[in-house]
Amino acid sequence: MTGTRTRGDALTAADKRGDALTAAEKRGVGSTAAEARGGAAHGTEERSAAERGTEERIAAALSGLLGGGPVERNVPFRALGLTSLLGTRLRVRLEREFDRPVPAAALTEHYTVTALARHLDGTDRTEPRPPARIGAPAVVDRPAVVDRPAVVDRPAVVDRRVAVIGMAARFPGAPDIDAFWRNLRAGVCSVGEPLSDVDSFDAAFFGVSPREAERTDPAHRLLLETCYHALEDGGCPDPDDGTRIGVFAGSGMNLYGPQPPYFLRADATGDPLDAVAELIGGQGDFLATRVAYHLGLTGPAVTVQSACSTSLVAVHLAVQALLTGDADLALAGAAAVRRTPVPDGPPDPEYILSPSGVVRAFDAAADGTLGGDGVAAVLLKPLERALADGDTVHAVILGSAVTNDGRAKAGFTAPSVRGHAAAVRHALERAGAEPHTIGYLEAHGTGTAVGDPIEFRALTEALTAGPGPTGRTGLGSVKPSVGHLDTCAGMAGLIKTVLMLRHGELVPTVNTTVPDPRLAWSDSPFFPVTERAPWPAGPGPRRAGVSSLGFGGTNAHVVLEQPPAPAVAGAPGREVLVPLAAPDQASLRRRAEQLRDWLRGHDDVPAGDVARRLHAGPPRSAARLAVSGRTSREVADALDAALAAPQRDEPQHGEGPVAFGPAAFAFRGQGAGAVDFEALRDEAVFRSVVEPFGEVLDRPQAAQVVFQVALARLWESAGVRPGSVVGHSLGELAALCTAGALPLAEAVRFALVREELTRSTGTGRMLAISAPVDVALDAAAATGADLAAHNAPTSHTLSGPEALMDRAESWLDRHRVPHRRLPMTTAYHSHLMEPVLDRLAEHARDLDWHPLRMPWASAADGECLPAGTVPEADCLVRQVRYPVLFDPALRTLRAAGTRDFVEIAPTPVLRDFGRRVLPDSAWYLWGPSGLAALYRRGAPLDWAALNGPGPRAPLPGHPFARRRFPW
């Protein structure tokens, strides 16, 4: 065995599985024999494999919630520390993991990992299941009808609270929410200031043609941009498939600056087709549906029109859609934009406009109101779901109501005490709030001689009716600050009140200095809020009401509560990945510059909060960028570096001839050196895989398998799931585990035996050489060494006992072939392994084999076994004795369309081989740079898993590149 071999002998030894170095490279992704092996799987084995897979996925999700570590499969969830809130979060994760609803009752009726797995695997799936409805009231799945007595379910208690998780607005003097709050706190009066750039619009961002943009009412265009910013603020600018977001919105009737509808403007062509297009672009009927179309929203899209109360009625309808399950999230908004200015000259004293030009709500000098422009939107979500998802909650809507005055009033446009008071009372009842708990009430407050006294009386009646105590309630109105914004008026008051609740501060009603003596202040619970002051905390959470009244008699009232305590931020110092996305490179650059500049001025904001706010990009986000950092300052520096760097040659998401497809996971062999478990000990998913095998981590081969499987699970938890696997030598064990063919415990058991038996074969040596395959074969034939690996066209390995390897090194030196010794004392893939092959085969046949869940490219023969195939036990024997055909295995995967490879290792080894075999391939390693590169390629990363739960930073909205479309 140790004598001199001929070149023919070396080739024969290398190619016992067929013409391994030539024919294997030409073979396709499978073979008839390989497919036939797939039929060996028995139905019972498939079912048990599925059950075990379901258990592992449930246990991994539960472990992540409980801080990592192993999870006992038969211990009740409550005993493991699962609270009701964590139970809701577990349901959310399982619904995403299994792409199906998981009823709340499932966790109480099947209250262990094993029981829940059996329940999920045993559910009748013959009928199609509806998509998971995020935010819908919990509905208990009922089993198919069986012959047994009926059980009457008790009515479930449904949490009717709704969270405000996103806001965006443009008001007079305030281009965004932050500027609006600064003005409110400072008592700034912006009445009469027009909105800037109302005739400008970023048509390209939304995929709108210039001609369509010209035909679209500016109010519609502004609302579209504002709704996108509200979705951004809520963390979902690009909704996931299946998430139904509704839109309830109205546009201004321009009561305080009458003008013809936009579609009747003077420059219309008169062509019938143009007329229809103009009509669609300007009619309010298409306001909500236009937002839904351009943002890809699939919930109800309803235009609301009730004059001045429109936007608050929209909020009420959005809340109802959430509570009834018609939507998972809902946008409510309005846009009031005038084309013509307020008429010149003194206003008619009989009309409601202020002769003095100042709005003074509830003030002795009040003499009328003034109009204004505004556009605003809020994003709503059921509170229970918002908390489970880790959303930032700005405020909570406890209840809302809408009424109409009917005929019991002075005239059609006059307000009514009875109708308004009824709306307030009904909203309080729905909220379950006693009147004395309302610490502030944002009134309609127009400053008119008729409106203010009637509203004051209605609010007094509503808050003093009943036997309960009377509280002290601040009274104010936003209209003296920004004017009466027509259909957007209620939204301005709502956002103002939300901000006060969030910050725990009352802001002044501008221009109110002397309380109106016509109002019965002493007989009411109210006091005018004329100065900025802290909002005192009471025995319960702060609460407020917001009223809005419409010409014609539609009254709306909303009861709000301060948000729950914010989620605890992640551990400081943890490096996070911050993603950015935009429709094109120019837009992406503007976004990166904007974020960098904002972070420079807000370096106290945790980097994790920034990352969580940016986890989703806009629709059609072809351009992507991701940077990492532990602090906001580091993220800003990383953005600076990215902006200064030359543009990458790699294809971006949606660009280039090859789109991102499922990546192949590539597992290295034992020659790559020791593994470092400490580097990933803070990753809960990694730790949960490793800890059960702590006793064998001092055994190199077992440790290598455990490490690689744990790292593969970490990749999967980040959203990168393999489409296929390939392994190099020992790495094939980890590949088979990841592909579902072997449980990890079985693979570890075999690795321990493999290590013991292969070490018993005596001392050997392995040499890596840089030369074509012909030279490698010549060296083997001339020295008696074995060809151990064909890694790449000019990367090979020789193996054998030390005497032969001394001879091989001399031969290589004489022929000036570059080579180096590998740090191994066992001659794997050589004839020295033959004495232990039979015993290895016995152990391999004793393993618990299962069908592959994905294709496996075997480096033992260069073939690709399809999913559903049960690998032959002999594969683990052949790969110990014969050459590692890594080059042919990679070519087989490339022939099947695989271009992206994830090397399951902290440092590159296989990547260098892969790029030489497949120059057009892309390789990724775990870490910020690898994840960032995958994100740029379009990989669907799980940002919640990567950056963890916690608050979202209130970042500025996307910087639109607006172009003028003159009226």
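Predicted model: local features only at pLDDT ≥ 70, side-chain atom pairs only at ≥ 80, totals over all residues.
Two strands count as paired here if DSSP finds at least two bridges between them. With that in hand, take β20 and β21, residues 795-801: they run antiparallel and are joined by 5 bridges. Within that pair, aspartate 786 sits opposite serine 799 of β21.

Before going on, a word on confidence. The protein chain has a mean pLDDT of 84, with 83% of its residues at 70 or more. Residues 123-157 stay under 50, and for them the model has 41 contacts beyond four places in sequence. Residues 649-657 are also below 50, with 18 contacts beyond near neighbours in sequence.

β20 and β21 belong to an open sheet of 4 strands, ordered β20-β21-β19-β22, with antiparallel pairing. Which strands stand at its edges? They are β20, at 786-792, and β22, at 819-821; each has a single partner strand, so one side of each is left without a neighbour in the sheet. From one strand to the next the twist averages 20°. Helix α27, residues 773-783, packs on this sheet and touches β19 (764-770), β20 and β21. The direction of α27 makes about 10° with that of β21.

Now the other sheet I want to show. This one is open as well, with 6 strands in the order β24-β23-β18-β17-β25-β26, and its pairing is mixed. The edge strands, β24 (864-865) and β26 (922-924), each pair on one side only. At the β26 end, β25, residues 900-903, pairs with β26 in the parallel sense over 3 bridges. There phenylalanine 901 stands opposite tryptophan 923 of β26.

Which strands does helix α25 touch on this sheet? Helix α25, residues 731-738, packs against β17 (664-667), β18 (724-727) and β23 (856-857), and its direction makes about 165° with that of β18. Helix α32 packs on the sheet too, touching β17, β25 and β26, at about 170° to the direction of β26.

α32 also has a helix partner. The axes of α31, residues 886-895, and α32, residues 910-917, come within 10 Å and cross at roughly 65°. The crossing is right-handed. From α31 the contact takes in Phe886, Asp887, Leu890 and Arg891; from α32, Leu910, Phe913, Gly914 and Val917. By type, the residues of this contact are 5 nonpolar, 1 polar and 2 charged.

α24 contributes Pro700, Gln701, Ala702, Val705, Val706 and Val709 to the contact. On the α26 side, the residues include Leu744, Ala747, Val748, Arg754 and Glu755. The count for this contact is 10 nonpolar, 2 polar and 3 charged.

Last, two backbone points. Most residues other than glycine have a negative phi. Aspartate 197 has a positive one, near 55°, and lies in the loop between α9 (177-186) and β2 (200-201). Where does asparagine 511 lie? Asparagine 511 is in the loop between β10 (505-506) and β11 (526-528), and its phi is positive at about 70°.

Technical notes
Residues numbered from 1 in each chain as written. Heavy atoms only, no water. pLDDT = per-residue confidence, 0-100. Contact = heavy atoms within 4.5 Å. Helix = DSSP H or I, 4+ residues; strand = E, 2+ residues; numbered from the N terminus. Axes fitted to C-alpha atoms, helices over the stretch in contact; angles between N-to-C directions. Nonpolar A, V, L, I, M, F, W, Y, C, P; charged D, E, K, R; others polar. Left-handed = near helix turned anticlockwise from the far one by under 90°.
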